[in-house]
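Me: Please walk me through this model, one question at a time. Start with the terms.

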Amino acid sequence: MTQETALLPKSPVAGDENAPARKVFVKTYGCQMNVYDSDRMSDALTRDGYVATDVLEDADFVLLNTCHIREKAAEKVYSELGRLRELKKAKASEGREMVIGVAGCVAQAEGNEILRRSPAVDLVIGPQTYHRLPEALKRARNGERVVETDYALEDKFEHLPAPDNAKTRLRGVTAFLTVQEGCDKFCTFCVVPYTRGAEVSRPVAQILAEAERLVDGGVREITLLGQNVNAWHGTGPDGRDWGLGDLLRRLGEIDGLARLRYTTSHPRDMDESLIEAHRSMMKLMPYLHLPVQSGSDRILKAMNRRHTAAEYLALVERIRAVQPDLALSGDFIVGFPGETEEDFEDTMRLVAAVGYAQAFSFKYSSRPGTPGADLKDQVSEDVKAKRLERLQTLLVNQQRDFAAGCVGREIDLLLEKPGRMPGQLVGRSPWLQPVNVDAKRSQIGDIIKVRITKAGSNSLFAEVIE
Ligand code: SAH
Ligand code: SF4
Ligand code: F3S
């Protein structure tokens, strides 16, 4: 043994070289921004001597990264906390510690209320203060019940560790990169402006450095994230004001980065430069998630979406004019307060007119603190359920038609991970569909030419073109 290795601590836990590393289990609910945040928190704890585990029972620290968007999502957290309480008790009886933390949008929205409702919780931390997690965890381990939900004055991204290359390799060849957080739009149904705070864009240099690091770690495809990702803006190295189109073009210059995507976009923020990027940038995938929520102008107005159905349709036409191969995806809410049968028919008509490749649709869920919760004319659960079923039938048919339309096409496939069958890999089509193909494990990360042979219900099948 050389002197150098002899000096290395046996375990990464500072102060106690013989103790096994403490383990953290993170469970993620909600949107992709939570997925990104969970990885960053986990990286921050690794720097502090923790190792990640996916075995709940082994964890010394269990962190739930939660979502507040609909009532069901928020309630799920409390039932999970109930189960964790039992586990914590069982571990305590064996003399083992288990710290329970709640992060994410429920943490931000409910703060102290979580400690009151769930006595087993030791730590509540909001999305703007994740860089303070290691320190907050130390306090919790010292017996304090910690609530950190103030909007931090410092920039969390500057203080969170950059993605760790070794971990990036394990996480795969596609990665998320948050470029924008928060929202100033205040749609009347939505909690995000309250849970994530005001709209903030990360600076260009920070984003470029993180993207380059991801690519060094083997990432081939990056998806830029933001609650309103296309509202991202910053100052370019050229001193000009940059929008998302400029940022995408600059990221497209990174060698080794093959594909770019972005989500979620608001129709009001699709500017000319971003639309143009869909024409000129080969690396920008022909896929756009552009939620509209409703096809009724009356409801759109009540939702404070600040555009009409006709404006949305015109926008879709403009984008398809520059990129005819575009797959569109959307979000819909049925049963917003005051929604009549006629309003709902307008939504069905809009969906029929657009033709979506992919979509997410929800029953309106009244959220405390949002203007929608105070509106009269709440729609009954029964009516919401019926409308949702009709809408989903239409959307599922469109999705199936889109997939069927892919059969016979030759496409580029980014190979991501082992498939269900031995000798198979699963990749992603340009339109984000999973595609199964015969390929070797060593090909993960390659982009190959394939021909789509069959469309299944949730994925496609392809053969390699020699
Ligand atoms: N910023 C995005 C949406 C983020 S929230 C946008 O403006 O389009 C993700 C989706 O959750 C929304 O598009 C909406 O369809 C749904 N959603 C948000 N609040 C909801 C509520 N109170 N009830 C039901 N669905 C909701
Ligand atoms: Fe919520 Fe509207 Fe902001 Fe989207 S734009 S996050 S729906 S308030
Ligand atoms: Fe949910 Fe918060 Fe994302 S409410 S959808 S986790 S921004």
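Reply: Residue classes come first: Ala, Val, Leu, Ile, Met, Phe, Trp, Tyr, Cys and Pro count as nonpolar, Asp, Glu, Lys and Arg as charged, and the others, Gly among them, as polar. The model is predicted: local features need pLDDT of at least 70, side-chain atom pairs count only at pLDDT 80 or more, and totals for chains, interfaces and linings use all residues. Residues are numbered from 1 along each chain as its sequence is written, chains are lettered from A and ligands numbered from 1 in the order in which they are written, and side-chain values use heavy atoms, with hydrogens and water left out.

Me: How do the residues around ligand 1 divide by class?
Reply: A residue is near a molecule if one of its heavy atoms lies within 4 Å of it. For ligand 1, 16 residues qualify, and the closest are Gln227, Gln293, Arg305, Asp331 and Ser365. By class, the shell has six nonpolar, five polar and five charged residues.

Me: Which strands each supply at least two residues of that shell around ligand 1?
Reply: Strands are DSSP runs (E, at least two residues), as helices are (H or I, at least four), numbered from the N terminus. The strands in question are β15 (327-334) and β16 (358-363).

Me: How much of ligand 1 does the protein bury?
Reply: Take the polar contacts, pairs of N or O atoms within 3.5 Å. A nitrogen atom of ligand 1 is 2.7 Å from a polar backbone atom of Gln227; an oxygen atom of the ligand is 2.6 Å from a side-chain N or O atom of Asp331. A backbone N or O atom of Ser365 lies 2.8 Å from a nitrogen atom of ligand 1. Alone, ligand 1 exposes 540 Å² (Shrake-Rupley, 1.4 Å probe), and the protein buries 90% of that.

Me: How many residues around ligand 3 are charged?
Reply: The shell of ligand 3 includes Cys31, Cys67, Cys105 and Gln227. Its residues divide into four nonpolar and four polar, and the charged count is one.

Me: At what angle do helices α11 and α12 cross?
Reply: Axes are lines fitted to C-alpha atoms over the stretch in contact, with angles from 0 to 180 degrees between N-to-C directions. The axes of α11 (residues 244-251) and α12 (residues 272-280) come within 7 Å and cross at roughly 35°.

Me: What is the bridge partner of Ala455 in β21?
Reply: Two strands pair if DSSP finds at least two bridges between them. Five bridges join β20 (residues 447-455) to β21 (residues 460-464), running antiparallel. In β21, the partner of Ala455 is Leu460.

Note on methods. Polar contact = N/O pair within 3.5 Å; in protein donor to acceptor, adjacent residues only side chain to side chain.
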